[in-house]
Every structure is written in C-alpha cells, then in structure tokens.
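Work through these exercises with the model open beside the text. Try each task before reading its solution.

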Amino acid sequence: MQKLEAEVVASIRIGSDICLLRLKAPAIAATARPGQFVHLRCGEGLDPLLRRPLSIHDSGDGELTLFYQVKGRGTAWLSRQHPGSKVDLLGPLGRGFTLVSGRRLALVAGGLGMAPLFFLARQARELGNEVDFFYGARNSRGLHRLEALEDLGIRLFIATDDGSAGFRGPVTALWEKQLKDNHYDRAYACGPRPALAAFARLAAAAAVPAEVSLEERMACGFGACRGCVTALRDSRGEKYYENVCTGGPVFDAAAVCWEG
Amino acid sequence: MQKLEAEVVASIRIGSDICLLRLKAPAIAATARPGQFVHLRCGEGLDPLLRRPLSIHDSGDGELTLFYQVKGRGTAWLSRQHPGSKVDLLGPLGRGFTLVSGRRLALVAGGLGMAPLFFLARQARELGNEVDFFYGARNSRGLHRLEALEDLGIRLFIATDDGSAGFRGPVTALWEKQLKDNHYDRAYACGPRPALAAFARLAAAAAVPAEVSLEERMACGFGACRGCVTALRDSRGEKYYENVCTGGPVFDAAAVCWEG
Amino acid sequence: MEQAEKRPGVNPKEEDEKLGARGKGLAGTGCAGSGLKSRFTPQEPETGAGVNLEVQLGDLTLPNPVMPASGTFGFGEEYAPFLDLNRLGALVVKTITLEPTPGNPPPRLMETPSGLLNSIGLQNPGLEVFLREKLPYLRRFTPPLIVNIAGRTVEEYGELAARLSAAEGIAALEVNISCPNVREGGIVFGTVPEMAARVTATVKGQTHLPVIVKLTPNVTDITVLARAVEDAGADALSLINTLQGMAIDLETRRPALANIVGGLSGPAIKPVALCAVWRVARAVKIPVIGMGGIVTARDALEFLLAGARAVAVGTAGLVNPRAIIEVIDGIKAYLQEQGLQDVNELVGALRI
Amino acid sequence: MEQAEKRPGVNPKEEDEKLGARGKGLAGTGCAGSGLKSRFTPQEPETGAGVNLEVQLGDLTLPNPVMPASGTFGFGEEYAPFLDLNRLGALVVKTITLEPTPGNPPPRLMETPSGLLNSIGLQNPGLEVFLREKLPYLRRFTPPLIVNIAGRTVEEYGELAARLSAAEGIAALEVNISCPNVREGGIVFGTVPEMAARVTATVKGQTHLPVIVKLTPNVTDITVLARAVEDAGADALSLINTLQGMAIDLETRRPALANIVGGLSGPAIKPVALCAVWRVARAVKIPVIGMGGIVTARDALEFLLAGARAVAVGTAGLVNPRAIIEVIDGIKAYLQEQGLQDVNELVGALRI
Ligand SMILES: Cc1cc2nc3c(=O)[nH]c(=O)nc-3n(C[C@H](O)[C@H](O)[C@H](O)COP(=O)(O)OP(=O)(O)OC[C@H]3O[C@@H](n4cnc5c(N)ncnc54)[C@H](O)[C@@H]3O)c2cc1C
Ligand SMILES: Cc1cc2nc3c(=O)[nH]c(=O)nc-3n(C[C@H](O)[C@H](O)[C@H](O)COP(=O)(O)OP(=O)(O)OC[C@H]3O[C@@H](n4cnc5c(N)ncnc54)[C@H](O)[C@@H]3O)c2cc1C
Ligand SMILES: Cc1cc2nc3c(=O)[nH]c(=O)nc-3n(C[C@H](O)[C@H](O)[C@H](O)COP(=O)(O)O)c2cc1C
Ligand SMILES: Cc1cc2nc3c(=O)[nH]c(=O)nc-3n(C[C@H](O)[C@H](O)[C@H](O)COP(=O)(O)O)c2cc1C
Ligand code: FES
Ligand code: FES
C-alpha cells in the first residue's frame, strides 16, 4: 500500500464515455492482485475533494491499466490527463479475489463490472484454470475489450438486455443456463448490485463457492473512516458492517446481506 | 459589459512569474477603455470559486492583452491555459481613466501597476499628449515591457528600490524631482497603496489633477455585492464607501481616504 | 463461445442507456461541470412551454420558483446587462434600513474553499433613497418585488414595514433577522425565539403585504425559531442566511476581514442549508424559500425535494450573473425530461 | 530618458523580493496548490531542529501541536503504511463506546463542495475490544494517546472514564458530546450547557487523566458551552466537530445518506471552525485544540494565530494520509523562515 505520483503512459477513449488509462507505477504493479483497486486524486483544487476508487483492470511490466466510465467531474478530469502528466495514487488497496489453479471458473461481469474481472481472467488463465467469461450489458455498445478478452484464451458468453448482441436478457440468466450443463469449481462476479444478488443466489443454489466485488462510496480507501461499509452476516448469521475498502471490495457472496 | 468565452490567442511568460495573455474578445475589445478591467473565472470546479480581476493591459484588433503576476491558485491556473482554450470573462468593467488630448501627462507605475498604465499611455499618445512614464520596482527584474513602452514614444523614467536600474529609491521620489522642473496637466498612477498615497500628496501639493487606480478584493465585479468598497470623501469632506468595481477602479486621487 | 455473437454489431440508433443515463438526466439542467460557465444569450429563449412553474408563497404568486438572494442582487439594475429581469421568479433587493447604512470598513470579502466570506454590514442608502431612486426602476418589471428589511429595534422594523406598505409596487416584505454582520439587532433577533416572534408580529401589524421571515442557521435548533415566527404570523420563511465564519491572512497575521468575522455563503454551505430547509419544512405549515449554495438547477431541485416551495440564488450569481436564468431553464428542462407537468409536484417529494 | 538606465542589467544574485515574497513565504509550508499532493518518503526527515514545537495542554505535553482528528484516524494502524506514527503530536482514536456500536446503515458518505458529509454513527468495537486488541498496538508509540469516548448516558461517560483510567498507556480522554450522528445522547449533551457540564464533571470525577471536551458548532453560542464545560473542570477543549448537513441524490430523489442527515467536515467548514476557535479561545482560560478543514500547514498556523494551542487534521488525512506530516513539517519550516524559536509564540498572536 503506497502513495505515489504515477505518470500517465496512455489515455485512450475506447467508447463514447469509456476510457483506458495506462499508468507507470512499478511499486504498485509489482504487488497488485486481481480485485484490488487504486484510489486517485481527480483534480487540483479542494473541489472535488475526495479520491476516486478504480479497480485494477490489468497490471504488469510496471504498469497499471484502469478501465473506467466518465461519470462525473472526477472521471472527467481524469480523462483529460495527457501522457506525461502525473496522477496522485494510493494502492494497491483492498482484498482481491481468491486465486486457485487448475480449476473450472465462471466469471460474470455486468457492464463496468468487467473492469476487475479482466485482470482476474488473465491471472486465472496463467494459473492453468479454465475460464468461462460471462459478460452482459444493456446493449452491444456497452461491451468493451472483447478482442482482448478473447486473447486471454477464455470462453466468452455475451448477453445484452435488448438482444443487440448475444443472448437477450440478463447475464445472470445466461450463466444460469450454463450452470445446468457445466460444473464450476468457483465463480466470481462484479457488476450492479441486483445482478450480484442474483448471481449469489444462483451460486448458492448450485453450491458453487462464489465471490463478488462490491462498490460503496469511499473517503479514505484504507480503512480509517468506516465510511464505506456494507452489511455482512457472520458465521452465526448476525449482521455487521464491514469496510468495503479493506474487508473487500471482494467478499464471499454467501456472507453479503443482499437485502442491505 | 458582457459575459463571454474568450479564446486564448497567446500566453507568454515574460518573467519568472509574470505572464502576458492575449485573448480574442472583440465585443469587449471594441469598447474597452484604459483603466477598465475584466473579471475571469480561473478554474473549473467550485474551488477557487470567485473570478479574478485583471486590468486591461492593452486592447485592439479584437484582442485584449492582460499582464499579470502568478500569485495564487487562480493566476496559476490561468497561466496554464494554452492557445485555443476558452476563458470565461466579464468585461469591460469599471470606470477608466479620464482621457485628455494635447496635454503633458505624468503616468506613475509601481510594480504591477504598470498593467493598466500601458494601455493609458498608448491611448494618451494617440490623443496627442506628451507622456512622461515613471516606472518603479524593487529591482531591475521587476521591470517589464520596457521596449514596448518606449515604442509608444514616451519618456521613460526608471526607479528601483535597490538601484539595480535607474534611480535608486521610490518611483514617487523620482517623479517629485521632475515635478520641480516640469509642468504636468494631469497625473495618473497605479501601484501599491502606500505609493499611491505618496503620489496623491505630491499631486495635491503641485496642484496637478490626479487619478489613481485602486485594488480591492472583489466578488461580482459589477456592483451587486458591495464587497469591494474603498473609503472616499464627498465634497463636504464626509467619508463614505464606494464600490471599487463600478465607482472605480480609477478614482480622483483627492477623493480617496488614504488613511482607510 | 456459445449462445452469443462474438463481435456484436454496433447499433448506432440505440442509445446505451446505462452509460447515458446519468449524463442524460443532467443534459438540460445546466449541471454539467461546475455550472458556473455560461454564454450570454441576448434574447432569452422561452423553453419549457407546457410545464407549470408557478408557485404560491401564501398569497404571493411567483411566475417561477427562482429568485435572487437579498444582498447579492443589489437593486436589480446591476444584473440588467446580463439577463432579462422579467424572467425571474421575483426580484429581491438588498436589505433596506430606515437610515442610510454605511456598512463595515474594507476588506469585506474573502474567498474560502468553495465559499465566500463577507462582512458588508448591510450597506444601503436607506429607506428614503430606496423609495425615491430604486423603487421606480424596479417597478418597471413584472416579477413580484420583495423588499428585504432590517431594523436596529423592533420599532424600526415596524416603521419600515409601514412605510414600505404605503409605497406602490412592492409585493412582499422579507424580514432579515439574521444578518451576522451588524452589531445591533440583526442576529440577536434571529437567535432568540421570543425576539423573532416580536419582530414578526410587529411587522405583520404594520403591513397588508405577505411577510417572509429570513432565518439564520447560527442557532442550536432552527425549527424552534421557525415555529416561533410561524406562530407570530409569518406568511413564509426564507433560509438560510450566512454561517458565521472567519478567515486569517497568514502574511499579515490579521483577520482577512476588517470586521474580523463575517458570513459564509456559497456551495460550501449547501449541505447545511439543505438540512435546515428539510427540517424546517417538516416543522412548519407555511412555505419555505430555500437558499444556500445553489449554483445549478440540480442544486435548486434538491432544495425543492427537501421541501422548499421556492429557492434563491445568491453567491453563484456573483460569479455567474446568468446563474439564476440557467437554474430556471434547468428546472424546466428537468420537468420535461421527467414528464412532470408542474414544479409543485417536486416540492417535498423527497423519498425517505 | 533621464536619471535612469534604459535597459537595466539584470542582477541574477538579487532576488526580486516583491515578486518572490508570497511564493517564498509559502515555500516550506506545503501550502502550494491544494496541499493534498505529496509523495511518501519512507524515512522521515527531521527538519526544523532548533525550533520548539512542544506544547502543553494543561498537564499534557505534546511533542508538537498536530494530531489526527478522532474518527478519521481509525486506531492508528490504518495510517502506519503511510507515515511514522511517532512523529505525531498525539494519537487520537475513533470514539469508543461502552458496548460495540454497529454504526449507521450505508451509504454513510457523500462528497460535497470542498467537504465531506458522513453519518458513520460512531461505529466501534466497544471498550472491551479496544482495551484488548487496539490499545496494545497503540501503546507501542511515543506520542501521547488520547482516547475519545461517548456514552448514551452520563453514567456511561463516567464508566468509560473509570475503566480507561485503569488501563495503561492512555494520556488523556477526549469527551465527545458533539456527535451529530447518533440518536441517543451525543449531540444533546453538547447543546445544553447544564448537560455538557454534568458529563464533564462526571468524567473528571472518574479519572486522573486530563479531560478534553469536544464541542459541536451546532449551537447558538459555542462560548456558552465552552464556559460551562470549563467551569465543570475540563482541562482542554477541542472544536469543532462536524456541522449538521444533508445531501440529496436527484436521480433517486432520496437522501444521499441512509441516515438522512450527517456531519459536514473538510475545507468547506474551515471559516466556521476558525471563528469558533477564535471566539472560544478568548472566552476561556483552558487550552483549545482547533480543527475543521485543516489541509495545509498554512491552515494550521491560522488556527494557532486564532488561539488554538494545538490542532487536529481530520478529513484532509482521509484524502492525503500524509497530510498531518506535511502540516508538522510546514509549521517547522514556517517558524524557521520567520525566525521564531517556539511555536507557542504564535498561539493567539492574531493582530486585531
Ligand atoms: C472499489 C471500487 C472500484 C471501482 N472500480 C471502477 C472501475 O474499475 N471502473 C469504473 O468505471 N468505475 C469504478 N468504480 C466506480 C467509480 O469509483 C465511480 O464511477 C467514480 O468514483 C465516479 O467519480 P466521478 O467524480 O466521475 O463521479 P461523481 O458522481 O461526481 O462522484 C461523486 C462522488 O460519488 C462517488 N461515487 C460515484 N459513483 C460511485 C460508485 N459507483 N461507487 C463508489 N463511489 C461512487 C465518487 O467517488 C465521489 O465521491 C469503482 C468503485 C469502487 C468503490
Ligand atoms: C481592478 C483590479 C485590477 C487588477 N489588475 C491586475 C493586473 O492587471 N495584473 C495583476 O497581476 N494583478 C491585478 N490585480 C490583482 C489580481 O486580481 C490578483 O493578483 C489576483 O486576483 C490573485 O488571484 P490568485 O488566485 O492568483 O491569488 P490568491 O491569493 O489565491 O487569491 C485569493 C483571493 O484574493 C483575491 N486577491 C488576491 N490578491 C488581490 C489583489 N491584489 N487585489 C484584489 N484581489 C486580490 C483574489 O481575487 C481571490 O479572490 C488587479 C486587481 C484588481 C482589483
Ligand atoms: C455579499 C453578500 C451580501 C448579503 N447581504 C444580505 C442582505 O443584505 N440581507 C440578507 O437578508 N441576506 C444577505 N446575504 C445572504 C444571502 O441572501 C443568502 O442568504 C446567503 O448568501 C446564502 O445563499 P448563497 O449561498 O446562495 O449565497 C448576503 C450574502 C452575500 C454573499
Ligand atoms: C468520517 C468521520 C468520522 C468522524 N468520527 C468522529 C468520531 O468518532 N468522534 C469524534 O469526536 N469526531 C469524529 N469526527 C469529527 C472529526 O474528528 C472532526 O472534528 C471534524 O471532522 C472536523 O475536522 P476536519 O474538517 O479536519 O475533518 C469524524 C469526522 C469524519 C469526517
Ligand atoms: S473508505 Fe474509509 S474505511 Fe473504507
Ligand atoms: S465586487 Fe461586488 S460590488 Fe464590487
């Protein structure tokens, strides 16, 4: 966990409001694990004040790659940074996905949830796992990095709400179909909360150990403020609040209180 | 008085922290008079919040030129704007200097006070006045635009506190010497308040009608908030507060309450 | 890959709703970026036909719910170069006192993070000059004119009310019992419920005009003041006035304001204002005018949701004189986007 | 041209003082820009030898006047990757309650203009776990450890004080009577002078440790509370806690925080905090710890000038975990630049 100024290597717009950012940050890249995130200052003045959390989309060769949507002022500022400029960064933060080797894995991404699963897919493949990657979006324009995903040597399953690409319907329904015919040793998901809840139900029903990556508004990102909590259930079924930034963002899907 | 987005034509650093900014703003340039100012947004977020007032250093051909010191966050932001980018501008604001023709004029600039007097000197020359321009700074590195000033066809008198250029001592003392031998029909000054106070005393003693350009922190710049006042004395000698932004920034030196 | 195309064709007609959603919601509301940028359009476009923007503050009808905040709008004329005054929900002038008030010595302003600290001290030319020189100009415009008043004593409030009520062209009085920048009266009236009630009752007794009482946030419980003033007969409330604040100049080691303390306004105080409006709107039955840090239509809409019947734009107008117009246009655009017919539907519509 | 050279030769040795003055004054104070940028230096450079940074809070001696603000520093360990805890003026932990406190439901945070709105609700593992699991770690460091406490009743405050006083390694208690995010007790104690005094007296009666009482700004007159608490025996005061605020999510038309209201902190509230510190420091004789929006050494120095004997860095540390170190180094550098020997010379040195 470090604080440093990372140099922008490349900033590429790959969709109307989707950007890929490559940062030179050897100290972070050296230890980053799939599911972890970085926390970036996105501006110069005192407004916007807080850092913005972004998942590590890929990491290697001393570089971090981030995949993000330009959503508000922070990400808009980020998208304007040119190669050579510096970005103030904390990372790598959080607990990543559990890595296994030589297994059959399902990765389920809803929309921007693809961001951390890309890095996971690559490492999972390097560890000799078979990976089925389920990727859903509203429509075909919400699908990104398809070529890069395929290059990872995974099986790619596409779903869109409007059927403009792949299966018409939720990505979880697409996974549900596969669950009938395939055995998965583990499943991982990232995406909107309702999709994750559905994913967790399916995984539990199929008795597949499953992990989800959650989002919550963050201030510090390193566990100091208790601002980013989500409700979990402990082994006795009792509800408690856990920091998403340090206890997560990746959690055992069975531990999450989906009702809130 | 307009609100518009002016395009940066050129932004040139002419000293370690002194910049010249050329803006394309035909609507403002068309009516701008020496002593008036523009009010610029210097940032994108809500911090810094207020506009920054800068004198019109020169105006013509649809362009405004500003001469400013990088002092804090606002001016630092401004100095980073490249040609082609837009700056949000109100102007021209305030009441400028009284223009006369065919007279003998003294212009007395202390440090950055040179900014508005350059424009005045140029127009005064065009109106057939003789202009003695007194320009003082801490030292020679605080003197700028000397060549451009001379090109105006004026007599240039230089003073520095340390004697590193020209007369050693305050610019007002340099002017005082000239006052003995020369008659001036009018005098104008801009600079730090103590220098202006000294200027006003000398002008009064020599019975030279004199105008000064004052600075005060501003919010609106167009008279709405009553925040930028300075104390004046009315004809009966009674003290009252007048907006610097609309009643000034140029005032009759004799009307200003120099004690505050 | 099964049951799915590999390289899906892009359908350019189809909006990516997920990605577009947030951006779209803000498109017309002037909320992009800081909202402090805009261009001057000499001819005001009348957008938003078909949606009702009219609101009622008791007996007072406003063509739309957006007005300037007292003290940031001078006497209206200062804004005339930048906007059409007839487009505003109301015209609200700087506080008027019985006698001319010179105001506090300069410096009176200091910028703070996302905020503005001021110690103007109610500088104004006094009632006489207002009636003679400012009112005739203001009468020329169609929006209701709200005159803000402050007295040093309860009696002065009464006299101001009486004399203004005798004048023509005034639609309502706003009673400033909350200015932190004057030594006498001012904020004292605004912090003690009994005093606030007395001022309100006195003003009510001297006028037929609707009386809006302006509250300070510098109290332990603003709802206590709000109820006291409501019980005393106020027709509406406006809140919040500025927060008491201070700034120091490290170079000189002096207070940044000659008056030492001042009033904090601007975006920095918006969360405090929104909270005050929400709490007061639930505590009283009379309508509330919300203000404090409103920059964009988005901000204004939040105040309406919190329970404000109308809103005022103060500091933002000093930075962007067209902010108020952008707020009005943005509210219209939002109503249209959301398929709402009437701005009143949003008032207090916060989902808890 | 007479009596003056035409093209003056530049003397490169000579600094242009006028131009350089401002920049120079800030050079070492970490005040340039927003102050929220910094690099992690694993080995802390001990700058500023020869100037005294030690301050006294009653009987409590701090190696320097800069500490973290309770609730933004967790239990210290969270900051260990970023800084050397031994460099701080004190260690201040999150509020401890008698029983474990789960805190409020999420979302608990919302960014506001130059500010942060939170509704954590004093989440903490309770006294037992603190003593068993957190205290042993904290004891390893040299700066005095200040434990912040809150009770639901006066008796709970007393019990917390008694039991913490029996533990080893605690230098002082900070009594939080000002949290806006809990329903019971909390802010009620902080807004009623008699209650504040009772809590203070009760805690004093149960401990030999110095007692710091933390005040809320959400009152009509904070000096009344300050004096009540001083009279009840408090050894020092800390202020301000957060301002009550609210934010709304226009998309969902819901409050941005599940708790609806929250506490506002960060640079936005700095003017309010500075004003409160200035007023309280003049009203009481006991030392004041100032906080609220401190980001840079410059901010901290302003609080010292206003009368604070020490300062705390809260929200800024969440954004830049090294902010507190930069503030300490910046104060040292300022003292050296100004030729001052002792930071105490600056306390209350505001020129009026
Ligand atoms: C652990 C984690 C990893 C993330 N990874 C990615 C990623 O890889 N790619 C990506 O596009 N987005 C990711 N997000 C969401 C991303 O952080 C937000 O979209 C971003 O903060 C928006 O900032 P803004 O200034 O552009 O928008 P604004 O709406 O202006 O932000 C306002 C405030 O809300 C917070 N906020 C807004 N949206 C979210 C959100 N969804 N989750 C948490 N806080 C939010 C911001 O941080 C900020 O404090 C991640 C979020 C978390 C918590
Ligand atoms: C009518 C007028 C004309 C001016 N013309 C020029 C000019 O031509 N060239 C030039 O270099 N400077 C000029 N100034 C001063 C210039 O406005 C300030 O240097 C500038 O606002 C500093 O902004 P900043 O953000 O860089 O500094 P900061 O110190 O960060 O500014 C903080 C706040 O203080 C205000 N402020 C700071 N210094 C001054 C000042 N001297 N006068 C008024 N407000 C100030 C800023 O506007 C801002 O609100 C003029 C000022 C006035 C009032
Ligand atoms: C420069 C300035 C002057 C003000 N003068 C007055 C005034 O004369 N009377 C009054 O009732 N409020 C006055 N106010 C308070 C505003 O009307 C408003 O309540 C406050 O600024 C909060 O709104 P804002 O954040 O939109 O500015 C003044 C505010 C500012 C910034
Ligand atoms: C996330 C957060 C949690 C806080 N928790 C506590 C707390 O538990 N106890 C307390 O006394 N103050 C708490 N505070 C208040 C701070 O200690 C401090 O008084 C306030 O934030 C103002 O300082 P700042 O602007 O530097 O943050 C908290 C503040 C924040 C932002
Ligand atoms: S963001 Fe501060 S604890 Fe997670
Ligand atoms: S700056 Fe507002 S009146 Fe001059």
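**Two ligand sites and one interface**

In this predicted model, an oxygen atom of ligand 2 is 2.7 Å from a polar backbone atom of Gly72(B). Residues are numbered from 1 along each chain as its sequence is written, with chains lettered from A and ligands numbered from 1 in the order written. Local features need pLDDT of at least 70, side-chain atom pairs need 80 or more, and totals for chains, interfaces and linings use all residues; side-chain values use heavy atoms, without hydrogens and water.

**Exercise 1.** Describe the surroundings of ligand 2 and state which chains supply them.

*Solution.* 
Step 1. Take the residues with a heavy atom within 4 Å of the ligand. There are 21 of them around ligand 2, and the closest are Arg52(B), Pro53(B), Gly74(B), Thr75(B) and Glu215(B).
Step 2. Sort them by chain. Chains B, C and D all have residues around ligand 2, so the site is shared between chains.
Step 3. Sort them by element (DSSP runs, helices of at least four residues and strands of at least two, numbered from the N terminus). In chain B, strand E4 (52–55), strand E6 (63–69) and helix H2 (73–79) each give at least two residues to the shell. E4(B) gives the largest share, 4 residues.
Step 4. Sort them by class (Asp, Glu, Lys and Arg are charged; Ala, Val, Leu, Ile, Met, Phe, Trp, Tyr, Cys and Pro are nonpolar; the others, Gly among them, are polar). The shell around ligand 2 has 8 nonpolar, 5 polar and 8 charged residues.
Step 5. Look at single atom pairs. A polar side-chain atom of Thr75(B) is 2.4 Å from an oxygen atom of ligand 2, and a backbone N or O atom of Phe67(B) is 2.9 Å from a nitrogen atom of ligand 2.
Step 6. Check the cover, using Shrake-Rupley areas with a 1.4 Å probe. On its own, ligand 2 has 830 Å² of accessible area, and the protein covers 89% of that.

**Exercise 2.** Describe ligand 4 in the same way: which residues are closest?

*Solution.* 
Step 1. The shell of ligand 4 has 22 residues, with Ser70(D), Thr95(D), Lys214(D), Gly293(D) and Thr315(D) closest.
Step 2. By class, 5 of the shell residues around ligand 4 are nonpolar, 15 polar and 2 charged.
Step 3. An N or O atom in the side chain of Asn176(D) is 3.1 Å from one, a polar side-chain atom of Lys214(D) is 2.7 Å from one, and a backbone N or O atom of Ile240(D) is 2.9 Å from one.
Step 4. The protein covers 98% of the 600 Å² of accessible area that ligand 4 has on its own.

Technical notes: Polar contact = N/O pair within 3.5 Å; in protein donor to acceptor, adjacent residues only side chain to side chain.
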